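Dear colleague,

I am passing on the structure that you will find just below. Please look at it first, and then read the notes that follow it.

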Amino acid sequence: MQARNFGLMTGLLAVGFAGSLFAAVGASGPSPGAPGPLPLPVTLLEIMRANVEIPADGIWGIESAAKLSDREWLLAEEDAINIIASATLISMGGTGKKDREWVSNADWRAWTRDVQQTGLQIRAAVKAKDQKKLAAAADHLVDVCQSCHDKYRPENPSDGIARFPFYPARVMKK
Ligand code: HEC
């Protein structure tokens, strides 16, 4: 799959012989089909814990600070981008038993779109260094997570593993 995508991409960029060679290699790949995003080989639950919760916590952790430092604004930007991108992942679904069923619902899609829009608002607030707008978007994010959880999140996580926070905070050396 990876080799095939690489071939197709290179084919688009290159001209003449190189292009057609890569295209030919691509055509002989094991799973024919249009080029597109890779599948998501993890569960939505795993995405929630590793990709959604961490940046959301980052934003909630600073939203009511009196004044943000340059470092905090930079981290908020990183969090905003992760929220924006993870919204796409949770709209796709992964390998969880119910993922496919969940993502096919209109309200599910609407909530994922709302997560992404809110992430964009957070990013805009960060760019403008506007703490009020940042806090308003952060509060709205809580409501979106909550709305979807109220309808779709089972009482116990579907892999049966209950602990919170799910991952320890990372301390980087530099
Ligand atoms: C479109 C629906 C939807 C949205 C939006 C959503 N979630 Fe989830 N979330 C779920 C579902 C469904 C589960 C349960 C998955 C399972 O158990 O298989 C879940 C599970 C989780 C878990 C796992 C909890 C545990 O028990 O380990 C965390 C953490 C989480 N979500 C955080 C968030 C945060 C933070 C947001 C908002 C930024 C959010 N979610 C937005 C649907 C959503």
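Of the 174 residues in the protein chain, 19% are buried, and please keep in mind that this is a predicted model. The chain holds 7 helices and 0 strands, so that, read from the N terminus on, its elements run α-α-α-α-α-α-α. Among the contacts with a separation of 6 or more, 67% are between residues 24 or more positions apart.

Next, the ligand. It is surrounded by 25 residues, of which Met48, Cys145, Cys148, Pro157 and Ser158 are the closest. At least two residues of this shell come from each of α3 (44–62), α6 (106–127) and α7 (131–152), and α3 gives the most, with 7 residues. Sorted by class, the shell has 18 nonpolar, 4 polar and 3 charged residues.

Two of these helices, α6 and α7, also meet each other. Their axes come within 9 Å and cross at roughly 165°, which, being over 145 degrees, makes α6 roughly antiparallel to α7. The crossing in which α6 passes α7 is left-handed. On the α6 side the residues that take part include Trp108, Trp111, Val115 and Ile122, while those on the α7 side include Leu134, Leu141, Val144 and Cys148. The residues of this contact divide into 13 nonpolar, 4 polar and 4 charged.

With best wishes

Notes: Residues numbered from 1 in each chain as written. Predicted model: local features only at pLDDT ≥ 70, side-chain atom pairs only at ≥ 80, totals over all residues. Near = placed C-beta within 6 Å. Helix = DSSP H or I, 4+ residues; strand = E, 2+ residues; numbered from the N terminus. Nonpolar A, V, L, I, M, F, W, Y, C, P; charged D, E, K, R; others polar. Axes fitted to C-alpha atoms, helices over the stretch in contact; angles between N-to-C directions. Parallel < 35°, antiparallel > 145°, perpendicular 65-115°, else oblique. Left-handed = near helix turned anticlockwise from the far one by under 90°. Contact = placed C-beta atoms within 7 Å. Buried ≥ 20, exposed ≤ 12 C-beta atoms within 10 Å, placed from the backbone.
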